[in-house]
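Please open the structure in a viewer and keep the selection tool at hand.

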Amino acid sequence: VGIWYFRTEEGAYRLDKITLKTPIFGHINVLNQLAYTCRTCSLLFRIGLRPNDVIGLAIEGNTNRVIKKALKEVQEEMLRGEGLAKPMAKRPVFLPMMVKMVAVGEETGNLPKAFTTVARSFEQDSDERTKAAIGLIQPAVTVLMGVFVTLVAMALVQAMYGVFGQLNVQ
């Protein structure tokens with residue numbers, strides 16, 4: 001039943017929302033998604049596209065439905081003349097550093113550089129958090145392997161006692 005639900009648009013949206021909020025890996029996912037979005041926006045601004053077209057292509061290129069929805073809302077408000085940073089600030093999925101850098105980029109007229117800076121920062125932060133997460137996983141895997149080896153050894157010893165017990169009876 002759950003598999004079919006997650007294939008619907010609402011279910012897929014909720015699954016994407018869950019993946020962004022999971023402990024440890026959720027923030028890494030947010031950083032990766034936003035870094036990809038910023039990198040895309042930076043490249044599209046550099047080639048001279050208009051902001052509306054840039055956001056439209058960033059929406060199309062994004063795989064996370066939560067971020068897609070937020071970008072669509074930003075695009076709608078941007079078309080009403082609110083700029084880019086102000087609508088982003090209203091949505092919690094966009095991290096504060098991204099919002100501040102986009103605001104600076106808008107004020108200075110250098111959005112490509114602002115998006116590039118944010119993308120680099122998020123990529124670096126994501127790499128550091130990924131290494132830390134792997135560092136947390138390694139001890140847990142070691143303990144699980146120890147438990148598994150212990151269970152296998154106990155089963156073998158029990159089987160040997162069973163065989164020796166049958167030999168003594170005869």
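The model is predicted, so local features need pLDDT of at least 70 and side-chain atom pairs count only at pLDDT 80 or more, while totals for chains, interfaces and linings use all residues. Residues are numbered from 1 along each chain as its sequence is written, and side-chain values use heavy atoms, with hydrogens and water left out.

**Helices α3 and α4**

Select α3 (25-46) and α4 (residues 51-61). Helices here are DSSP runs (H or I, at least four residues), numbered from the N terminus. α3 and α4 pack at an angle of about 145°, with their axes 9 Å apart; axes are lines fitted to C-alpha atoms over the stretch in contact, and angles run from 0 to 180 degrees between N-to-C directions. On the α3 side, the contact (heavy atoms within 4.5 Å) is made by Tyr36, Thr37, Thr40, Cys41, Leu44 and Phe45. Pro51, Val54, Ile55, Leu57, Ala58 and Gly61 make it on the α4 side.

Next, colour Val54, Ile55, Gly56, Ala58 and Ile59, the buried residues of α4. Buried means under 20% relative accessible area, exposed over 50% and partly exposed in between, with a 1.4 Å probe and protein chains only. Their cover includes α3 and α5 (65-79).

**The largest nonpolar core**

Which residues have the most contacts inside the largest nonpolar core? Select Leu84, Met88, Phe94, Met98 and Phe115; the core has 33 residues. Such a core is a set of buried Ala, Val, Leu, Ile, Met, Phe, Trp, Tyr and Cys residues joined through side-chain atoms within 4.5 Å. α3 gives the most to this core, with eight residues.

Centre the view on methionine 88. Leaving aside residues up to four places away in sequence, methionine 88 touches Val74, Phe94, Met98, Val99, Val102 and Phe115.

**An aromatic pair**

Select phenylalanine 45 and phenylalanine 115, whose rings are stacked at 5.9 Å centre to centre, with 15° between the planes. Rings of Phe, Tyr and Trp (its six-membered ring) pair if their centres lie within 6.5 Å; planes under 30 degrees apart count as stacked, over 60 as edge-to-face and the rest as tilted. The pair joins helix α3 to helix α8 (residues 111-169), across 70 residues. Phenylalanine 45 is buried because its relative accessibility is 12%.

**Glutamine 33**

Finally, select glutamine 33 in helix α3. Is glutamine 33 buried or exposed? Glutamine 33 is buried, because its relative accessible area is 14%.

Key:
Helices (H or I, at least four residues) and strands (E, at least two) are DSSP runs, numbered from the N terminus.
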